[in-house]
Amino acid sequence: MKNIYKIVGVAVLGFMTLTSCDIDEVGDLNGPTLENIIDNSTKGDIQDLVGGILSDMRVRLGTYYDDVGVIGREYYRFSSSDPRFTSDLLGKDKAVLDNNTFYTTGPWGARYGTAKGASILVQAIENTSPAYSEQEKNGLRGIGKTIQAYELLLNLNLTYQGGIRADISNPESLGPFIGFTQSLDAIEALLVSGATDLSNAGSEFAVNLSSGFTGFNTPATFLQFNKAISARVAAYQGDLSALSGYLTDSFLSLTNSSDDLAKGVYYVFSADGGDLRNPMFFALNASTAGVRVAHPDYITDIGATDSRRSKVAQRSSSITSDGLSGDYDFRLYTTDVDPIPLIRNEELILLYAEANHISNPTNAVTAIDLIRNAAGIGAYVGGTSPAELLNEILTQRRFSLYGEGHRWIDMRRFDRLGDLPIDRVGGGDVEPDDVWVQFPIPATENQ
């Protein structure tokens, strides 16, 4: 059995948290406990399972965001205890990405653990006593399939052309690795199947969801979340027609109020004993023991009156580590219990602009202006050719979705990784930094 199935303890057992040091310590889950959950669950077990799945979605989340945020040159991650954030992730000199270290195996394993928990949910509801109604089963299937698809997508974001194992239904006979295009198709198919389930799930779920799903905690509203994730997948596929269709059925709202832009589904955190806190929060002016520092280009490129400058905060003094320096702290989250978005309306508005930038530039500009006006920088006055509009959309995605895990992926999908800055240019026997295209397949996949 591959190691990706040795880390699903929280989702399977219904616990609420899992710390990073537990990831490699979970035992064989193909024993009686797993069988009992699949073959002989109570409704209380199912509620615990759902709670565990939603909690597990947060495990190694900070590592995932550091992976994509550092490589995407959104910020530096300084850590005096671990130089790999500034060496491996930035390709310092001859450093390369390691297939057998925390930044590769940690988020990969955590996402597969949650995906497996969601798969178990879909199986377990068939043998629950007392039995669920068919509508209730459909609702639970829709939750499980949507979460599974989302988790698989995050891993595909890392390995890209290396692909993923999309078929994880049988721990004893995992599906093969499939390529990027096939993986996206499989994820979309899972979302479509989940959407069908949600459409036939009645008006209420048989379980409670976390507060991060406030406003999306009924089958009809959770379906809108499903369609929003499907829209993101369609954008990655380059299918603008499908993107438009999914957006129509999502929670897209073409207004620019701050509340409306923030509307979405979130990871939630708390200071309760044993729970997880926001891993992306550091106090202002932290030392190199642990700090995220905005890439200098963010400050250089964003306008002086742009309200999105508030996502960073000027330090009391500059900070330097490993030949890199910064004057501004990453400040997207101001406390250690702030929620982190899975997806929100501001992204959907920009996806709407992307869907229309070739066929209907007027609609694209309307969406762009919603974002620009919300940021206080006025209407767009540039050209309306597809290339010009795409440039503007990518610029607004950069600032609006800063630190939310998108820039590296955006630059890659439009073949613009070469536009990302090289911070250490090398010289003599020292090679310049690299901008990586993808992470290697984790070594744990070969064990």
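Met-280, Phe-281, Phe-282, Ala-283, Leu-284, Arg-292, Asp-329, Phe-330, Arg-331 and Tyr-333 line the second largest cavity. A cavity here is a set of points on a 1 Å grid over the protein atoms alone where a 1.4 Å probe fits but cannot get out, and lining residues have an atom within 4 Å of a point. This second one has a volume of about 50 Å³, the volume being the space filled by probe spheres set on the points. Its lining has 7 nonpolar, no polar and 3 charged residues.

A word on what you're looking at: this is a predicted model, where local features need pLDDT of at least 70, side-chain atom pairs count only at pLDDT 80 or more, and totals for chains, interfaces and linings use all residues. Residues are numbered from 1 along each chain as its sequence is written, and side-chain values use heavy atoms, leaving out hydrogens and water.

Now for the largest cavity, with about 80 Å³ of space. Among its 13 lining residues, Tyr-64, Leu-154, Arg-232, Glu-404 and Gly-405 are the closest to the centre. Helix α6 (134-159) is one of the elements giving two or more residues to this lining, and α6 gives the most, with 3. Helices are DSSP runs (H or I, at least four residues).

Follow α6 and you'll meet α7 (residues 180-199): their axes, lines fitted to C-alpha atoms over the stretch in contact, come within 7 Å and cross at roughly 160°. That makes the two roughly antiparallel, a label for angles over 145 degrees. Their contact (heavy atoms within 4.5 Å) includes Leu-152 and Leu-153 of α6, with Leu-190 and Leu-191 among the α7 residues.

Key: 1 Å grid on protein atoms, 1.4 Å probe; cavity = no way out; pocket = protein on both sides within 12 Å on 5 of 7 lines; lining within 4 Å. Nonpolar A, V, L, I, M, F, W, Y, C, P; charged D, E, K, R; others polar. Axes fitted to C-alpha atoms, helices over the stretch in contact; angles between N-to-C directions. Parallel < 35°, antiparallel > 145°, perpendicular 65-115°, else oblique.
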